[in-house]
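Dear colleague,

Please find the structure below, together with a summary of what was found in it. I would be grateful if you would read the two side by side.

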Amino acid sequence: MKRQTHLLTIPDTPLFCFPESVGVYTDSPEHTVSREPGAMNNFNIHCVASGKGYVEADGQVHELRRGDAVLYFPMQRQHYYSSKDEPWDIRWVHFYGSGTSLQDYLQARGMHKSRLWRLRQPEAWAAAHLELLSAAEKHRMNDPTLLSALTYAVIVEFVQQAVPYSSAKSGKSGRSAGRIAELLPLMQAEACKPFLLEEWAERAGVSPFYFCKLFRGAMEMTPMDFVTRCRLQAAKQLLLERPDDTVAAIAMSAGYTNASYFNKRFMAYEGMTPSEYRRLFGG
């Protein structure tokens, strides 16, 4: 089964990024692509949702499974194909941008250093991809601003989630990210409560040491870094919603028993004190 939409290429587009085509191939054992260098002047992301397939890169054939992906820059040789006995469910998008801005953006984040990647949370990328595909099917070229914004979301989600395939295969990161992803909404909801590492490790069914390792591999930050961000986000909202509360009271509600430390963390992230933030945005 193939679900795909191809869009008109806009010469000299003023948009940062735009999809040339986007789609899904499911149960297509015959799916194979071979493009010589210089044949395709678009970026190309293919991500495996299930099944398996193969990519030829650097003179080797690599097997890709769920969460594995390939990113091609324009003009690169491309050779990938589905497994015959276990056809892949592959999600893909071809995209381009204005001038060299898009390429500079991706290169600045090291995305040119590897063609093969593993996504820490493939469901997040798949959701962004589905939203783009649905919008492309519905609007075609009638809403280019929306399609550009959704393409940008797909790209940024990929950049945030992607780990070099070689590192993921060697076990340095990318393992058990789903276990952490399931806990994130709950961690966010309970961020303003006292943070007990042992309790969260128990919920994940691992030791505190391994929980921290899994969390850093999945999120590129420590559990406490994540909790801090959630607390400060809550504090920003409370500062505006409760204008008569003192900063100390807001700090307590956000999970900080020490107002001085709260001020220090707030300043580190926002570049201003909580009081200054309230004055600036309080209306």
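Leaving aside its neighbours within four places in sequence, with which residues is T228 in contact? T228 is in contact with Y256, R265 and Y269, where contact means heavy atoms within 4.5 Å. T228 is found in helix α8, residues 223–241, and is buried, with a relative accessible area of 7%. Buried here means under 20% relative accessible area, exposed over 50%, and partly exposed in between, with a 1.4 Å probe and protein chains only.

A word on the basis of these values. This is a predicted model, in which local features need pLDDT of at least 70 and side-chain atom pairs count only at pLDDT 80 or more, while totals for chains, interfaces and linings use all residues. Residues are numbered from 1 along each chain as its sequence is written, and side-chain values use heavy atoms, with hydrogens and water left out.

The chain as a whole

The chain has 11 helices and 11 strands; these are DSSP runs numbered from the N terminus, helices being H or I of at least four residues and strands E of at least two. The C-alpha trace spans about 65 × 45 × 30 Å along its principal axes. Of the 283 residues, 45% are buried. Among contacts with a separation of 6 or more, 73% are between residues 24 or more positions apart.

An open sheet has its 7 strands in the order β1-β2-β9-β4-β7-β10-β11, with antiparallel pairing; two strands pair if DSSP finds at least two bridges between them. Strands β1 and β11 (162–164) stand at the edges with a single partner strand each, so one side of each is left without a neighbour in the sheet. On average, neighbouring strands of this sheet are turned by 20° against each other, direction ignored. The angles rest on axes fitted to C-alpha atoms, for helices over the stretch in contact, and run from 0 to 180 degrees between N-to-C directions.

Two helices pack on this sheet. Helix α2 (residues 122–139) touches β1, β2, β4, β9 and β10, and its direction makes about 110° with that of β2. Helix α3 (residues 144–161) touches β2, β4, β7, β9, β10 and β11, at about 65° to the direction of β2.

Strand β2 (residues 18–25) is mostly covered, with 8 of its 8 residues buried. Strand β1 (residues 2–6) is joined to β2 by 5 bridges, and H6 stands opposite S21 in β2. Between β2 and β9 there are 7 bridges in the antiparallel sense, with V22 opposite V93 in β9.

Strand β9 (residues 89–96) also holds H94, which is buried, with a relative accessible area of 7%. Beyond its neighbours within four places in sequence, H94 is in contact with residues including F18, S21, R35, N44 and Y80.

The sheet of 4 strands

The other open sheet to report has 4 strands in the order β3-β8-β5-β6, with antiparallel pairing. Its edge strands are β3 (32–35) and β6 (60–64), each pairing on one side only. Strand β5 (residues 53–57) is joined to β6 by 5 bridges, and G53 stands opposite L64 in β6.

With kind regards
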